[in-house]
Amino acid sequence: MHVADVARALDLLGVFAFAVNGAFTAVAKTRVDIVGILALGVITALGGGIIRDLCIGAVPPAAFTDPYYLTLAAGGALIAFFVSGVPRLLHHSILVLDAVGLSVFAVSGAQKALAFGLDPAPAILLGAVTAVGGGTIRDVIIREIPSVMTSGLYAIPALVGAAITVAAAQIAIPGVSGAVAGAAVCFLIRMLGLRFKIDAPTSLRRRRERRD
């Protein structure tokens, strides 16, 4: 499978996962109606990819030219709306789908950046931006501090996953293998961070506040 096909497939998987995650988050943390839920789901799903495409000059962004992107985003948000009445399902799904979207977007973002001729370091950065961009926009809209700034091990797994993908490309490992490895490591780090409540390093003042 061509690298571009791998990146697109991962992009679409991330779109669906983040659409459901964004809609679930809207239900759990806001009082918006179905229109607001759809909007937040679509923004979460497409925001990071749009930022990436604008940065690398892939215009118009894929979200505006490929009908599958908007269809999957809206469909995922609608599914979330209709199954969001189960509180336990809601909480668990938000975490898992967030980790899935984070992982595949970090990989697809890095792969697409490389395909457009960017060097490894900018490609890794854009992989992380793709992964956290949509959720950051969503959190700003609902007046929350973005998860990337507060959640232990959020941006770090995205950077690691993107770095593995870029490294695999540099040593000519097939695109599918590099993508799977990057996404799997990113997902594992994120879930371990949630399971064991591992946080990224914070300031000395913040650590003292937590002890108090």
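A nonpolar patch, as used here, is made of residues with over 30% relative accessible area and no salt bridge, with nonpolar side chains (Val, Leu, Ile, Met, Phe, Trp, Tyr) joined within 5 Å. A salt bridge is a side-chain nitrogen of Lys or Arg within 4 Å of a carboxyl oxygen of Asp or Glu, and accessible areas come from the Shrake-Rupley method with a 1.4 Å probe, with only the protein chains shown counting as cover for residues. Please keep in mind that this is a predicted model, in which local features need pLDDT of at least 70 and side-chain atom pairs count only at pLDDT 80 or more, while totals for chains, interfaces and linings use all residues. Residues are numbered from 1 along each chain as its sequence is written, and side-chain values use heavy atoms, with hydrogens and water left out.

**View 1. A nonpolar patch on the surface.** F16, I34, V35, L78, I79, F82 and V83 make up this patch, and together they have about 610 Å² of accessible area. Helix α4 (67-83) and helix α2 each supply at least two of its residues, with α4 giving the most, 4 residues. F82 is one of the residues placed in α4. Helices here are DSSP runs (H or I, at least four residues) and strands are runs of E (at least two), numbered from the N terminus.

**View 2. The largest cavity.** On a 1 Å grid over the protein atoms alone, a cavity is a set of points where a 1.4 Å probe fits but cannot get out, and lining residues have an atom within 4 Å of a point. The whole structure holds 2 cavities of 30 Å³ or more, and the largest has about 50 Å³ of space; a volume is the space filled by probe spheres set on the points, which are joined across faces, edges and corners. Its lining includes D11, R52, D53, Y69 and F105. α1 (3-29) and α2 (34-56) are the elements that give two or more residues to this lining, and α2 gives the most, with 6. The lining divides into 7 nonpolar, 1 polar and 3 charged residues, where Ala, Val, Leu, Ile, Met, Phe, Trp, Tyr, Cys and Pro count as nonpolar, Asp, Glu, Lys and Arg as charged, and the others, Gly among them, as polar.

**View 3. The second largest cavity.** This cavity has a volume of about 30 Å³. Lining it are V132, G135, T136, R138, D139, S147, V148 and Y154. Two or more residues come from each of α6 (120-141) and α7 (147-150), and α6 gives the most, with 5. By type, the lining residues are 3 nonpolar, 3 polar and 2 charged.

**View 4. The second largest pocket.** A pocket is an open set of grid points with protein on both sides within 12 Å along at least five of seven lines. Of its 13 lining residues, A4, A7, R8, Y69 and K112 are the closest to its centre. α1 and α5 (87-115) each give two or more residues to the lining, and α1 gives the most, with 5.

**View 5. Two backbone details in loops.** V59 and P60 are joined by a cis peptide bond, with omega about -10 degrees, and P60 lies in the loop between α2 and α3 (62-65). R143 is not a glycine, yet has a positive phi of about 65 degrees; R143 sits in the loop between α6 and α7.

Technical notes
Patch = residues over 30% accessible without salt bridge, like charges linked within 9 Å, V, L, I, M, F, W, Y side chains within 5 Å.
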